Amino acid sequence: MSHIKVLIVEDDPDWIKAMTAFLNKEKDILVVGAATGSEEAVLLAQTLSFDVVLMDIQLTESGHDGIYTAIEMIEIHPAKIIILTSLNDDHVITQAFTAGAVNYIDKTRFMDLPHAIRSAYHHPTAMEALLKEFTRLKREEQLKGLTAAEREVYDLIEEGYTQSQIEKKLHKAESTLKNQVNKMLKKLGVKSSKEAVELVKRKGLFQRRDKG
């Protein structure tokens, strides 16, 4: 029997140990790895094969960086994200779904995890299709204030092009490109190109436009 491969991202090592033992008792589920922080999780996304991620929404005491980590991981390795939370906060949960999560489970309801994992793996839901379209629309809303030229520059920045590479690709002078970038940053309310891309990602707007 093939297993549903699960990756756990949780900053409590004891919880990881307990949930690994609990889930591995299921005949069709196998925990293949665990991370206690964002950097480790992103590294595992680059090196491990997995199907479902159990993601703690609050990896640190100071913020909900599980959401941003989920976005980064999905970009690297398409997988179903189930958010683990002890927070009764509709806004945070909405952020998680916008970021691409397919379900969320209160940590006190850990007995529901095997069913949630199977459901996420076997049954792509209408909610997923709705969320995909929602993230596309929200991304367009976030960037609609940019001109066509600014948007073209933004897309290249998002794809990892350097300033000199963008100048060559778009045949723009350095001064012209800097002027467009500065206007773009001002419209998005950020101070750097990297911050602009991260702003859009943090809002769950990570889906790139389809290139026609």
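Me: Which residues of helix α7 are buried?

Reply: They are Glu150, Arg151, Val153, Tyr154, Asp155, Leu156, Ile157 and Glu158. Buried here means under 20% relative accessible area, with exposed being over 50% and partly exposed in between (1.4 Å probe, protein chains only). This is a predicted model, where local features need pLDDT of at least 70 and side-chain atom pairs count only at pLDDT 80 or more, while totals for chains, interfaces and linings use all residues. Residues are numbered from 1 along each chain as its sequence is written, and side-chain values use heavy atoms, leaving out hydrogens and water.

Me: What makes α7 mostly covered?

Reply: Eight of its eleven residues are buried. Helices (H or I, at least four residues) and strands (E, at least two) are DSSP runs, numbered from the N terminus.

Me: Why is α7 called roughly perpendicular to α9?

Reply: α7 (residues 148-158) and α9 (residues 174-188) pack at about 90°, with their axes 10 Å apart. Axes are lines fitted to C-alpha atoms, for helices over the stretch in contact, and angles run from 0 to 180 degrees between N-to-C directions. Under 35 degrees is roughly parallel, over 145 roughly antiparallel, 65 to 115 roughly perpendicular, and the rest oblique. That angle makes α7 roughly perpendicular to α9.

Me: Which residues of α7 and α9 meet?

Reply: Ala149, Glu150, Val153, Tyr154 and Ile157 in α7 touch Leu177, Gln180, Val181, Lys183, Met184, Lys187 and Leu188 in α9, where contact means heavy atoms within 4.5 Å. By class, that's eight nonpolar, one polar and three charged residues. Ala, Val, Leu, Ile, Met, Phe, Trp, Tyr, Cys and Pro count as nonpolar, Asp, Glu, Lys and Arg as charged, and the others, Gly among them, as polar.

Me: What about α1 and α5: how do their axes cross?

Reply: The axes of α1 (residues 13-23) and α5 (residues 113-122) come within 11 Å and cross at roughly 70°. That makes α1 roughly perpendicular to α5. Trp15, Met19, Phe22 and Leu23 of α1 meet Leu113, Pro114 and Ile117 of α5. This contact has seven nonpolar, no polar and no charged residues.

Me: How do you know that Asp56 is buried?

Reply: Its relative accessible area is 3%, so Asp56 counts as buried. It sits in strand β3 (residues 52-56) and touches Val9, Glu10, Asp11, Gly66, Leu84 and Lys107, not counting residues up to four places away in sequence. An unreviewed UniProt entry annotates Asp56 as "modified residue: 4-aspartylphosphate". UniProt positions use the numbering here, feature names are shortened, and annotations may be inferred rather than shown by experiment.

Me: Why is β3 called largely enclosed?

Reply: Because five of its five residues are buried. Val52, Leu54 and Asp56 point one way, with Val53 and Met55 pointing the other way.

Me: What makes β3 a partner of β4?

Reply: Two strands pair if DSSP finds at least two bridges between them. β3 and β4 (residues 80-85) have five, in the parallel sense, and Leu84 is the bridge partner of Asp56. Four bridges join β1 (residues 4-9) to β3, also parallel, with Ile8 opposite Leu54.

Me: Which strands are at the edges of the sheet?

Reply: The open sheet of five strands runs β2-β1-β3-β4-β5, with parallel pairing. Its edge strands are β2 (29-35) and β5 (103-106), since each pairs on one side only. From one strand to the next, the twist averages 25°.
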